[in-house]
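The report that follows describes one protein chain for a reader who has its sequence and coordinates at hand. Please read it alongside the display below.

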Amino acid sequence: MKSLFNKKLPPIVGLDIGTRQIKAVWLEQSKDGYVLQGYACEPITKVAFSERDIKDYESISIALKKVRKALKTKLKLANVAVAGTSVISKIVYMDPDQSDYELENQIEIEADSLIPYPLEEVYLDFEEIGPSATHSGKVNVLLTAAHKDLVDSRLLLAREANFEPKIVDMENYAIGNALEYFHHVDAPEQPLCCVNVGASLLQICVIKDGNVVYTKEHAFGLNHLINDISAIHMMEREEAERQLLDGTLAGNWVEDTLPIFAANLQQNINRALQMYMSTLHAERPTSILLSGGAATIEPLVDILNQDLGLEVNCFNPFSGMTINPKLDTERLHKIAPQLAIAAGLASRSFTQWHM
């Protein structure tokens, strides 16, 4: 993933438009490594999404403008990401030494059979990623497709907040970039597994030798826990969510509400790991990195460490970075795992990309 080019590229804000919060990360590169110059995390005050489709543009636009203000930068370039059932990623096998034009013609033929939408309704992209280990004489080409409505809605909202979108990535690959750039690995030839648990999705990303070798999304997230807290403790949903993520929930919610969600999360993580093991004929990981909102809830992380049967560590993409002294480091420490996707998007500032 890392670039061989020495030319310094302009910094680009990583803008993660989640279903319940919008996160942004502004990184720069120095001779000593990476510098976190700014970050922001703003809640979306209403339920603005139906699955991953935007239904309430105004509430997202307000949160985006707050993020823009909180970053305190004149930077306009931003990278965004998409996820969900209308985003598709496949490895296809092609003849080597073809031009982009030749590949594009073949890709369109291949995509027509793989994508459950008319081709005029999706954006397609592809990139050759190296010789195929399973198909002799072929190269692996990563084909990605996303429904135009999903992409265009995010571009429109970003531009309304005075950002200029540069790259549209996939959330799982943004996690992979964050791992590659910001997590030190002693043995890169060994698979490294990250489980990102956000509001509505559980995403698994596995990297090996600097490449993403497996990704998968599962429809499970913190919304289940927030709904339970709201119902059991007779609170407004928004207030339950705010207190949960702030760590200010009163009462005995850890004893009466959390265990049910923790058991369901453990089941979903095990199912996700089993699918990874079956797909790649891989061994079960002995440890995972946990990111997303779930990784900010200490009692939940403790339960997973006790009951999951493997080591669970929270992924802080900024642990080895220089932090701008003007930033609120205490808040950063609390929410760092939530910023993994935004950090991965911001890392695209440090490498050339395929156009």
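Serine 153 lies in helix 3, and in this predicted model its relative accessible area is 7%, which falls under the 20% cut-off, so serine 153 counts as buried. Leaving out residues up to four places away in sequence, serine 153 touches Ile54 and Tyr57. Helix 3 itself, residues 148-160, lies across strand 1, strand 6 (77-82) and strand 10, and runs at about 145° to strand 10.

These strands belong to an open sheet of six strands with mixed pairing, in the order 10-6-1-2-3-16. Its edge strands are strand 10 (164-170) and strand 16 (322-323), each of which pairs on one side only. Within the sheet, strand 1 (residues 13-17) and strand 2 (residues 21-30) run antiparallel and are joined by four bridges, with isoleucine 17 standing opposite isoleucine 22 in strand 2. Helix 1 (residues 57-71) also lies across part of this sheet, namely strand 1, strand 2 and strand 3 (33-43), and its direction is at about 145° to that of strand 3.

A second open sheet is formed by three strands in the order 7-9-8, with antiparallel pairing. Strand 7 (87-94) and strand 8 (122-131) stand at its edges with a single partner strand each, and therefore one side of each has no neighbour in the sheet. On average, and with direction ignored, neighbouring strands here are turned by 20° against each other. Strand 7 is joined to strand 9 (residues 139-147) by eight bridges, the two strands running antiparallel; valine 87, for instance, has alanine 146 in strand 9 as its bridge partner. Helix 2 (residues 100-114) packs on this sheet and touches strand 7, strand 8 and strand 9, its direction making about 120° with that of strand 7. Helix 3 packs on the sheet as well, touching strand 7, strand 8 and strand 9, at about 70° to the direction of strand 9.

| Helix | Reference strand | Angle |
|---|---|---|
| Helix 1 | strand 3 | about 145° |
| Helix 2 | strand 7 | about 120° |
| Helix 3 | strand 10 | about 145° |
| Helix 3 | strand 9 | about 70° |

Isoleucine 60, with its neighbours within four places in sequence left aside, is in contact with Ile17, Ile22, Ile44, Ala48, Phe49, Ile54 and Leu157.

Helix 4 is mostly covered, as 11 of its 12 residues are buried; among them are Glu171, Asn172 and Asn177, together with Tyr173, Tyr181 and Phe182. From its first C-alpha to its last, helix 4 reaches 16 Å, close to the 16 Å expected at 1.5 Å a residue.

The mean pLDDT of the chain is 91, and 97% of its residues reach 70 or more. Over residues 1-6, however, pLDDT stays under 50, and the model has 17 contacts beyond four places in sequence for this stretch. Where pLDDT is low, predicted coordinates should not be read in detail.

Note on methods: Residues are numbered from 1 along each chain as its sequence is written. This is a predicted model: local features need pLDDT of at least 70, side-chain atom pairs count only at pLDDT 80 or more; totals for chains, interfaces and linings use all residues. Side-chain values use heavy atoms; hydrogens and water are left out. Two strands pair if DSSP finds at least two bridges between them. Contact means heavy atoms within 4.5 Å. Axes are lines fitted to C-alpha atoms, for helices over the stretch in contact, and angles run from 0 to 180 degrees between N-to-C directions. pLDDT is the predictor's confidence in each residue, from 0 to 100. The expected span of a helix is 1.5 Å times one less than its number of residues. Buried means under 20% relative accessible area, exposed over 50%, partly exposed in between (1.4 Å probe, protein chains only).
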